[in-house]
Amino acid sequence: MSTEIFGIEDVNVWVDALIRVLLVVGFMTVVVMGLIWIERKVLARFQQRLGPTRTGPIGLLQSVADALKLVGKEDLRPRNADPWTFELAPYLVFIPVFLGFVIVPFVLDWQIRILELGLLYFVAVSGVNIVGWIMAGWGSDNRYAMIGGMRAAAQGISYELPLVLSLLAVAMVVEVPGTDASAEAARGSLNLNEIVASQHEVPNIVWQPLVTVVFFIAALAELNRTPFDIPVGESEVVGGPFVEYSGIRWSMFFLAEYAALLIMALVFAAVFLGGWAWPFGIWMDDAPPRWAQALVVAGKASLFIFLVIWVRASVPRLRIDQLMGFSWKILLPLMLVQVLVNGLVLVYDWPEIILTVVGLFGIVALFAMVERAVRHPRPRPMTAAQLQGEAAS
Amino acid sequence: MVVEASTPFEASEFETQDLLINVGPQHPSTHGVFRMVLEIDGEVVKDLVPYIGYLHRGAEKLCENNDFRQGIGYMDRTEYLAAHNAELSYVMAVEALAEIEVPERAQWIRMILCELNRISSHFMFLGAFGVDVGVFGTPFIYAWRERETVIDLFEEISGDRMMYAYFRAGGLAWEVPTNFVERVQQVLKSARQGVKDFDGLLTENEIFIARTKGVGVISAEDAIEIGMSGPSLRASGVPLDLRKTEPYLYYDQLDFEPITAEGGDVFDRYLVRLQEISQSIDLIEQCLDRLQDGPIVPEKMPRMLRLPEGEVYMRTEAPRGEYGVYMVSKGGNKPHRLKVRSACLSNLQALKQMSVGQYVADAIIILGSIDIVLSEVDR
């Protein structure tokens, strides 16, 4: 079997895949380091600070300096830690995250692999790193780490559902254009490239406003970002599963975290903001150059990343019960209703404007439900008097 | 080979054990070297045992070996976030024993500095509390910016940023700078903006409300029984403010009401402190209106102060509550016995009652909401 890369014909598919993987992973690692610098700079601006300024011009080399320092540090393992679990955990967090890059559509027809079930693949691999978190929490033999690992598991599983449902809601109704402008459009696709191509006129955020919001929230939770950062909450569990890690292993967790943010941003750009297709369109006579497409995708991904940093700078952390309640009682029912509506639109061929209207109503409902949950909180788990009564009996 | 049927699991075999976790003395949110051992069942706190004493320095005993001027410096170090208020209790105790008449101008400046110190201390609380609740650094920096303006002013006046040692028995160490009034007004302007910023950042934040409302409730009766004081007590609805109930300095000439709240929860303790910043700004403006030129020390002050025999308990309203100094003199230039009544120590006693039955994350913000200064707890 052979394929074509960079105009070279007859390249073995394995060689081709290897070249693509090395290119993407190498490039992305650099981007991730840049991302850490950007986050520190933007966050500093929100807090009226300057951020890193000393390493390189405007602190650009700060991540490099940090990485060098971390690599040079001693790789400590607590004596009571489970050696295999402890040492393998970073890989189980790191590898699934980078596997996600396989399907990310950077520009038209250029990515590692175009998978027919790309979205399913993305959801599948992005869920695996929860295992790594639990392993890190359990293997460290530290109680903070264990609480953090358990929190990560509970949160990861709970927010996987709204995330998957939001992607499903989009995937079931996208109108995939045919191979050329005259061909009949088909509906529904899990192929990320087709999903992007389907948005060449209007991005999905217009048809699916509620789904976009829910995806953003669920993505924050999947990425363990504020306000859903309870697994690593500095003021409570002091870094959670990472508490015993140092040096290169710790930096692998860190790298994985930012790589996950980057992938989530690229998927968000592809699924909801139209990726490389919008606003260029795909059937123009002279297709836009690839660098322009890449710039558009980067801009859309940056928007997502900026929003994430903005949220981080301004909101407190949720409590575990509120976090779970938010997913199961608010996001999940809303997404189920949205999927139902999308199904009706699909079956009865209703106009798509219905989706927009329902989505906007859904956002209002989301705010109303949050408001209600804040004004009428759940009763506390137990009062001191009840606990004493329990102990006495 | 006979395979024995395994007995089905009984409920008792699944008995669970509560987990003990040790929070502190090295933990990001224990506000110093406080340590507490939490017994948790899942995420719910079943029991809490506080341990104090990591910062015990014997400040009171040290004061007994130093004369009345040197003791002021040790008072700074018991309550480093509100050093002026701590000094005030001490010098007022000395003045009461020695029956010194303090000049009017010195009293007004003392009041202004104590209220400014209340502002800086409360801002410190707001910043640290915001971080406890989980905002990454933003409230901390906002609070630090406002606190910094106050601290800069203190530095201009006393030459030190934290350990001022500016009050003296009888008055003040030296005259304030000539642009004192303008500088205070500048600080007040910036503090007023700081209060607005916090209103926007935290008070109206849905997640903040969800996290703090109804958490760590303590009733007025319990709070009084434990001996709480200051904003933590007033948040439970008890209008006890020593500035109002037993006025010292010239607080009786000022127009203000103690700030209280009904709920007694974490949110109310936060809100009372935020409003007290506004109140202090108002009080300082009233003080500035009444500030006159004049001497800052009495005319006939001995070089070495010797007190008559006697004992006195002098309490004032510090930012964290009642800060009292009990002083026994048997003549001579040193106190025979000195005891500091710390508001933080008393308030801390409520921690267990407020935290048991709540979530782990709540225990952290409840500890934050009491606003302890460990050097005052341990002294």
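Predicted model: local features only at pLDDT ≥ 70, side-chain atom pairs only at ≥ 80, totals over all residues.

Colleague: Which residues make the contact?

Modeller: On the H4(B) side, look for Ile112(B), Leu116(B), Ile119(B), Phe123(B), Leu126(B) and Gly130(B). H6(B) brings Val184(B), Val187(B), Ala191(B), Gly194(B), Phe198(B) and Leu202(B). Sorted by kind, the residues of this contact are 10 nonpolar, 2 polar and no charged.

Colleague: Nice. Switching to strands: what is the order in the open sheet of chain B?

Modeller: That sheet has 3 strands in the order S6-S7-S8 (chain B), and the pairing is antiparallel.

Colleague: Which strands stand at the edges?

Modeller: Strand S6 (310–318) and strand S8 (337–341) of chain B do; each has a single partner strand, so one side of each is left without a neighbour in the sheet. On average, neighbouring strands here are turned by 10 degrees against each other, direction ignored.

Colleague: How many bridges join S6(B) to S7 of chain B?

Modeller: There are 9 bridges between S6(B) and strand S7 (residues 321–329) of chain B. To find one of the pairs, look at Glu317(B), whose bridge partner in S7(B) is Glu322(B).

Colleague: And what packs on the sheet?

Modeller: Helix H3 (residues 83–98) of chain B does, touching S6 and S7 of chain B. The direction of H3 makes about 150 degrees with that of S6(B).

Colleague: Now the two chains. How many residues does the contact take from each?

Modeller: It takes 37 residues from chain B and 33 residues from chain A. On the chain B side, H7(B) gives the most, with 6 residues. That side divides into 19 nonpolar, 10 polar and 8 charged residues.

Colleague: Last topic: what confidence does the predictor report for chain B?

Modeller: The mean pLDDT of chain B is 87, with 96% of its residues reaching 70 or more. Among its elements, strand S5 (residues 171–172) has the lowest mean pLDDT (86), and helix H11 (residues 266–290) the highest (91). For the complex, the predictor gives an ipTM of 0.82 and a pTM of 0.86.

Key
Residues numbered from 1 in each chain as written. Chains lettered and ligands numbered in written order. Contact = placed C-beta atoms within 7 Å. Helix = DSSP H or I, 4+ residues; strand = E, 2+ residues; numbered from the N terminus. Nonpolar A, V, L, I, M, F, W, Y, C, P; charged D, E, K, R; others polar. Pairing = 2+ DSSP bridges. Axes fitted to C-alpha atoms, helices over the stretch in contact; angles between N-to-C directions. pLDDT = per-residue confidence, 0-100.
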